[in-house]
Amino acid sequence: MTMTAVEEVNTRTDPIDRLRSTMCATRISFEWFGTRKSLTRDQKTQAAESFGAEGAFLSAGKKLLDTGHPRFRAVNAVRQRVRSYWTSISLPFPESGIRLLRQDALTTFQEQMHQFTEELNEAVSNLDEQYLSLKSAARERLGSLFNDDDYPMTLIGLFEVSWDFPSVEPPDYLRQLNPELYEQECQRVQSRFEEAVRLAEDAFLGELSQLVSHLTDRLSGQADGRPKVFRDSAIGNLHEFFERFRSLNVRSNEQLDVLVAQCQGIVQGIQPQELRKRGELRQQVASELSGVQAALDGLLIDRPRRQIIRTPK
């Protein structure tokens with residue numbers, strides 16, 4: 001039986017090579033209507049006089065619209081969901097605004113981003129229905145600082161989300177034009193992916209440590225002589241982490257892999273309600289998680305000195 005391309009990639013032992021072979025770079029950009037505007041020089045001078053200050057030493061601005069309005073919050077909520085989704089399905093990359101996405105998740109990513117676009121357009125349309133009312137309220141609140149020129153005719157088209165797939169590999173044309181420069185670019189890209197592996201490990205390690213620490217504290221600690229209250233999400237967030245780790249892990253840190261598996265085994269099949277009702281189970285899980293937390297703390301302390309060990313080809 002012959003292996004598929006994905007299976008072949010997954011058998012590679014070098015995590016850096018595996019990362020470069022299975023991931024693609026993604027970038028998300030937002031165009032958002034700015035709701036704050038700096039005061040003019042005359043307005044700053046006027047404001048400074050009330051404090052006995054000099055306008056040149058005063059920084060001041062005005063808020064054009066009430067961003068606390070439910071329909072404005074709905075617009076901003078879409079942006080937050082986009083960011084959360086993107087972060088949850090991708091790995092960090094040492095270039096600002098770029099994250100690494102699994103190549104086999106591209107179709108799902110595209111579909112979800114188009115859905116977010118539709119949600120944003122609908123939210124902006126709903127907001128625009130209240131635009132005149134919001135503008136009128138701003139006129140009353142800003143008084144003499146209100147300037148009609150600060151406001152567009154409509155909010156439609158002023159909130160957008162876009163995405164693309166920038167190349168992070170050295171351009172092929174350099175190979176022929178300047179082999180020496182091409183080799184330098186290859187080395188630069190290689191070092192970027194080495195850093196990407198470290199960033200991924202740091203992100204996984206930090207998140208797992210935080211989740212385990214929080215759950216251990218909730219299970220073992222007491223408040224007013226009673227066991228601390230914990231939400232179902234304390235368990236649910238761990239299971240979400242396990243799924244994300246399974247999907248995005250490039251198997252670069254064997255110790256971390258073992259600790260994740262150990263932690264998953266501890267909470268596997270345990271329902272939050274069981275932990276609330278059964279004190280013995282609660283203490284057992286807390287004790288076992290404390291052992292995982294101690295090991296995670298050790299990894300976090302040793303982390304700055306750790307280097308990625310590459311398997312010779």
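Visitor: What makes Glu95 partly exposed?

Guide: This is a predicted model, and in it Glu95 has a relative accessible area of 24%.

Visitor: Why are Glu95 and Arg188 said to form a salt bridge?

Guide: Their closest N and O atoms are 3.9 Å apart. The limit is 4 Å, so the pair qualifies. Glu95 lies in the loop between strand 4 (90-92) and strand 5 (98-102), and Arg188 in helix 8, so the bridge ties together parts 93 residues apart in sequence. Glu95 and Arg188 also belong to a network of salt bridges with Glu185 and Arg192.

Visitor: Why is Asp150 called buried?

Guide: Its relative accessible area is 13%. Buried means under 20%, so the word applies to Asp150. The side chain of Asp150 meets that of Lys37 in a salt bridge, at 3.9 Å from N to O. Lys37, at 39%, is partly exposed.

Visitor: How do you know that the buried residues of helix 10 are on the same side?

Guide: Leu256, Leu259, Val260, Cys263, Ile266 and Val267 are buried there. They cover an arc of only 125° around the axis, which puts them on the same side of helix 10. These buried residues pack against helix 8 (179-220), helix 9 (233-248) and helix 12 (279-302).

Technical notes
Residues are numbered from 1 along each chain as its sequence is written. This is a predicted model: local features need pLDDT of at least 70, side-chain atom pairs count only at pLDDT 80 or more; totals for chains, interfaces and linings use all residues. Side-chain values use heavy atoms; hydrogens and water are left out. Buried means under 20% relative accessible area, exposed over 50%, partly exposed in between (1.4 Å probe, protein chains only). Helices (H or I, at least four residues) and strands (E, at least two) are DSSP runs, numbered from the N terminus. The arc is that of the directions from the helix axis to the C-beta atoms. Contact means heavy atoms within 4.5 Å.
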